[in-house]
Amino acid sequence: MTKTDHFISVSALTKRFGDNEVLHEVDLTVDLHQVVCLIGASGSGKSTLLRCLNLLEPVDAGTIVIDGETVTNGKVDVNALRRRIGIVFQSFNLFPHMTVMQNIVLAPRKNRGLSKQEAEQRARELLGRIGLLDKADEFPDRLSGGQQQRVAIVRALAMDPKLMLLDEITSALDPQLVADVLSLVGDLAKSGMTMVIATHEMSFAREVADKVCFLDSGSILEEGPPGEIFSRPREPRTREFLSRVLEAGRM
Amino acid sequence: MGKFLHAFFSPLGLRRAVPQVWDGFQTNVKLMVIAEILVLVLALVVAIVRGLPGRWSLPLRGLAVAYTDFFRGTPLILVAYVIALGLPSLKIAVVSSQSLFVYGVASLTLVYTAYVTEVYRAGIESVHPSQRMAARSLGLTYAQTLRHVILPQAIRRVVPPLLNDFIGLQKDTAIITVIGLTEAIAQAGFYSNDFFSYAGYSVAAIFFVILTIPFARFTDSLIKQRERRERAQLV
């Protein structure tokens, strides 16, 4: 299989913030309908890697090819690219001055040429699926964290993305709210959505991932199917990380 | 004390001064309304220009910075003199043949746009960068992000300081009297010359205060209304 057969192929991706090299020559491939989980300690570069994929962070060196298109050559239409890639953040980032409905329909109305009716109908359909239809006219600060995060996922889905990037989306949630969000992501995975997920939820990663990548100081140290990474990690650093996670009770 | 009250607040003097000062005060109100509308729009434009990204916009940004620095540092009275006395002497078509009223509006607008630009800019910068990031990640363009996500939040936050600047502008319409525009202060002056009474100035002061108070209350109620609307969803 050549590189271009993958849905995403990242090669030798390097990203610096000043003198600090956050990503060091990262190689990563993701196939269509595949779910890839990025694990690793805070500061290992998971979030930065995700943000490079939709060019929210400019890349210093290396190439990223998504869906046959080289996105790192400086010629790509970033807005068009981002319309095909949904991203959900740890801190939800809903627009506080808009209702749930307005949050969801803004981008589809502006950039997918949908009429207000079409966009709202699609939004209602998505909200109905996550059981939040009755919150459509509420402002985000009236919703629980878990509800806000599910709305944020729906907001991204409303653009009908071909790829979803999830950036530690449960890290800011109370434990009892995590389950709802993760089950939504699980459903997405089952429906065949291609996803790259940065997460601290190891049991979730084990359940949903086709491939797990362990990042350590800006490099992918080890990758493989979840069974392998979680049960028989080769690298000492991976083992160390996983045992620390185990102690923290997140397994 | 009796002398003072007589000079400034004699009932007859006040009553007689009201129509004359009112006549001039209408000009202040017109100055204020027109200048405020212009300032609201122009300051937003300058603030947006100051925040533009990229290298190509550098000269524009520099221009915007130079403008705000210059006009925030220049006394309004000086700007008014330069415009109202200087421009006509230059004999430039259109620019040199405007009325004193237009020169007054221009002076107020030039100076206050510089202040209000900074207010808008503070508002724009107070919106958390993650909001911009979220908007851009949905594929919204720079302009769409500004229009639908950043500015609505920014402007909401700067309503009180904006109001403050407008109260300042309202009062500073009185300075325009120096270029010879017949507004409230000028009329109060005429009155005091004609009747040897300062009641005209008292009346003008009262007019200015009366204009300011409802303005302040109006803005308060706007803010409250919006808060209520955003909280009303909670049952």
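1. In this note two strands are said to pair if DSSP finds at least two bridges between them. The model discussed here is a predicted one. On that basis, chain A holds an open sheet of six strands, ordered E6-E7-E8-E3-E9-E10, with mixed pairing. Strand E6 (85-88) and strand E10 (219-224) of chain A lie at the edges with a single partner strand each, so one side of each has no neighbour in the sheet. From one strand to the next, the twist averages 15°.

2. Within this sheet, strand E7 (residues 163-167) of chain A runs parallel to strand E8 (residues 194-198) of chain A, and five bridges join the two. In this pair, Leu165(A) is placed opposite Val196(A) of E8(A). Helix H1 (residues 46-53) of chain A packs on the sheet, where it touches strand E3 (35-39), E6, E7, E8 and strand E9 (211-216) of chain A. The direction of H1 makes about 150° with that of E8(A).

3. Chain B has nine helices and zero strands, and its pattern along the sequence reads α-α-α-α-α-α-α-α-α. Its radius of gyration is 22 Å, well over the 18 Å that the globule rule gives for 235 residues, so chain B is more spread out than a compact globule. Along the principal axes, the C-alpha atoms of chain B fill a box of roughly 70 × 60 × 30 Å. Of its 235 residues, 33% count as buried. Among the contacts in chain B with a separation of 6 or more, 77% come from residues 24 or more positions apart.

4. Helix H4 (residues 76-90) of chain B comprises 15 residues and spans 21 Å from its first C-alpha to its last, close to the 21 Å expected at 1.5 Å a residue. Which residues of H4(B) are buried? They are Leu76(B), Val79(B), Ala80(B), Ile83(B) and Ala84(B). The buried residues of this helix pack against helix H5 (100-126) and H7 of chain B. Just after H4(B), Lys91(B) adopts a positive phi of about 55°.

5. Between the chains, 19 residues of chain B are in contact with 21 residues of chain A. On the chain B side, the elements that give two or more residues are helix H6 (129-137) and helix H7 (142-172) of chain B. By class, this side of chain B has seven nonpolar, nine polar and three charged residues.

Methods: Residues are numbered from 1 along each chain as its sequence is written. Chains are lettered from A and ligands numbered from 1 in the order in which they are written. This is a predicted model: local features need pLDDT of at least 70, side-chain atom pairs count only at pLDDT 80 or more; totals for chains, interfaces and linings use all residues. Two residues are in contact if their C-beta atoms, placed from the backbone, lie within 7 Å. Helices (H or I, at least four residues) and strands (E, at least two) are DSSP runs, numbered from the N terminus. Ala, Val, Leu, Ile, Met, Phe, Trp, Tyr, Cys and Pro count as nonpolar, Asp, Glu, Lys and Arg as charged, and the others, Gly among them, as polar. The radius of gyration is taken over C-alpha atoms; the globule rule is 2.2 Å times the number of residues to the power 0.38. A residue is buried if 20 or more other C-beta atoms lie within 10 Å of its own, exposed if 12 or fewer, and partly exposed in between; C-beta atoms are placed from the backbone. Axes are lines fitted to C-alpha atoms, for helices over the stretch in contact, and angles run from 0 to 180 degrees between N-to-C directions. The expected span of a helix is 1.5 Å times one less than its number of residues.
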